[in-house]
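Work through the exercises below with the sequence and the structure open. Try each task before you read its solution.

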Protein chains: 2
Amino acid sequence: EVEEHRIPLILDLQLHREDRGGHQSYSPLLYTEELAEFEKLLDQVKISEGALKTDGFGENPFYHCLVAEIPPESREPQGSTVVGYGLYYFTYSTWTGRNVYLEDIYVMPKYRGQGIGSKIIKKVAEVALEKGCSQFRLAVLDWNESAMDFYKARGAKDLTVAEGWRFFRFDNEAMRELVRM
Amino acid sequence: EVEEHRIPLILDLQLHREDRGGHQSYSPLLYTEELAEFEKLLDQVKISEGALKTDGFGENPFYHCLVAEIPPESREPQGSTVVGYGLYYFTYSTWTGRNVYLEDIYVMPKYRGQGIGSKIIKKVAEVALEKGCSQFRLAVLDWNESAMDFYKARGAKDLTVAEGWRFFRFDNEAMRELVRM
């Protein structure tokens, strides 16, 4: 049956959540925590299932979520339904206009090496082009060589190396300090 | 009159465009090009005034823009009205929820050193906290030491150094290749 795993469906979670088994099996939080553990940053997960629902499934959602689903006919008895996900949103560049940003991409370890990650990023690129985006951005941890190689092999450019861009972040406490200045 | 420059108004461009002199003096493109020139990346500006208008001023704008405006009573005869801007949008982290991302911040050279940049980032932090954001993110070029010092002095963390995050980007052509894969 492994061969069948090569054709998971890449679905829009916002569109397919209700008609494909309800909440439980599609909890973004589950996958979020697996990804964070892989990235060795699990202590940074501070969100609730309720907040993820409110922000992703309202009138103007803050994010969009793709899930890689194994079709029922190919599923093993104890196998997972959703084996990966990609979470993106739209951003903007005053130089080039609309962009898409892939915040998370994750494939469960036992389903890797089957092209699921490629299918997710291909779908993100399709959405981006449909929406008139000129760029598809993402961030990668520098110790994750295989991820960096994966994106480079597909035409992405490392802008931290090429142009010197660095990520900065104010956390909640730093923002509160800023406001008091 | 220099002292007066220290109290520019930080205005929401989407709210104040029409009632403060119309289109000409508030063209985001003008400032966009000045910023790009400063960043030595002017060749990357490929946007039209029309696209900036459509994307920023519709029902669900892709971005929000703050402008630093010199109050009429403090303006020099040939002085500028808008002397800086900050452009931001909302992003999302599945670990911490809503975030704000400051895509651009710019203050015209002759108006620097008067705290205008600080006022802009303070306003962004205020908006972020009002909207329930847990992070305020931005990117800085590594040769721009004064900008990096500026953000660090105000509590921002360099995540490229601290955690190893790198920026990756697929441009339009790379996205077209991805879709064909």
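**Exercise 1. Which residue of chain A forms a salt bridge with B:E103, and how far apart are the closest N and O atoms?**

Solution. 
- Step 1: find the partner. In this predicted model, B:E103 forms a salt bridge with A:R137.
- Step 2: read the distance. The closest N and O atoms are 3.1 Å apart. The cut-off is 4 Å, so the pair qualifies.

**Exercise 2. Decide whether each partner in the salt bridge between B:D55 and A:R98 is buried or partly exposed.**

Solution. 
- Step 1: confirm the pair. The closest N and O atoms of B:D55 and A:R98 are 2.6 Å apart.
- Step 2: locate the pair. B:D55 is in helix α4 (residues 49-56) of chain B, A:R98 is in strand β4 (residues 97-107) of chain A, and the pair crosses between chains.
- Step 3: apply the cut-off. Buried means under 20% relative accessible area. B:D55 has 5%, so B:D55 is buried. A:R98 has 24% and counts as partly exposed.
- Step 4: A search of the whole structure finds eight salt bridges over all chains.

**Exercise 3. Describe the surroundings of D158 in both chains, starting from the salt bridge of A:D158.**

Solution. 
- Step 1: take chain A. The side chains of A:D158 and B:R166 meet in a salt bridge, 2.6 Å from N to O.
- Step 2: B:R166 belongs to strand β7 (residues 165-171) of chain B, A:D158 belongs to strand β6 (residues 157-158) of chain A, and the pair crosses between chains. A:D158 is buried, at 7% relative accessible area.
- Step 3: turn to chain B. B:D158 sits in strand β6 (residues 157-158) of chain B. B:D158 is buried, with a relative accessible area of 7%.
- Step 4: look at the side chain of B:D158. A polar atom there lies 3.0 Å from the backbone nitrogen of B:T160. For the backbone nitrogen of B:V161, the distance to a polar atom of this side chain is 3.1 Å.
- Step 5: list the contacts. Leaving out residues up to four places away in sequence, B:D158 touches A:R166, A:F167, A:F168, B:M148 and B:K152.

**Exercise 4. What rotation superposes chain B on chain A?**

Solution. 
- Step 1: Two copies of a chain are related by a rotation about an axis and a shift along it.
- Step 2: read the values. The rotation is 180°, the shift along its axis is 0.0 Å, and the RMSD is 0.0 Å.
- Step 3: conclude. The two copies are therefore related as by a two-fold rotation axis.
- Step 4: check the contact surface. Both copies use the same surface, since 100% of the contact residues of chain B recur in chain A.

**Exercise 5. Why is A:C133 in no disulfide?**

Solution. 
- Step 1: count. The structure holds zero disulfides over all chains.
- Step 2: find the closest cysteine sulfur. For A:C133 it is that of A:C65, 17 Å away, which is too far for a bond. The cut-off is 2.5 Å.
- Step 3: B:C133 is in no disulfide either, and its nearest cysteine sulfur, in B:C65, is 17 Å away.
- Step 4: A:C133 is buried, at 2% relative accessibility. B:C133 is buried, also at 2%.

**Exercise 6. Where is A:L87, and which residues does A:L87 touch?**

Solution. 
- Step 1: locate it. A:L87 is in strand β3 (residues 82-93) of chain A.
- Step 2: list the contacts. Beyond four places in sequence, the residues touched by A:L87 include A:Y63, A:C65, A:Y101, A:E103 and, in the other chain, B:T94.
- Step 3: compare sequence with space. A:L87 and A:E76 are 11 residues apart in sequence, and their C-alpha atoms are 26 Å apart.

**Exercise 7. Which stretches of chain A have pLDDT below 50?**

Solution. 
- Step 1: start with the average. Chain A averages a pLDDT of 83, and 81% of the residues score at least 70.
- Step 2: find the low stretches. Among them are residues 1-5 of chain A, with pLDDT under 50, and residues 21-25 of chain A, with pLDDT below 50.
- Step 3: Where pLDDT is low, the predicted coordinates should not be read in detail.

Methods:
Residues numbered from 1 in each chain as written. Chains lettered and ligands numbered in written order. Predicted model: local features only at pLDDT ≥ 70, side-chain atom pairs only at ≥ 80, totals over all residues. Heavy atoms only, no water. Buried < 20%, exposed > 50% of the residue type's maximum accessible area, 1.4 Å probe, protein only. Least-squares fit on C-alpha atoms with pLDDT ≥ 70 in both. Contact = heavy atoms within 4.5 Å. Helix = DSSP H or I, 4+ residues; strand = E, 2+ residues; numbered from the N terminus. Polar contact = N/O pair within 3.5 Å; in protein donor to acceptor, adjacent residues only side chain to side chain. pLDDT = per-residue confidence, 0-100.
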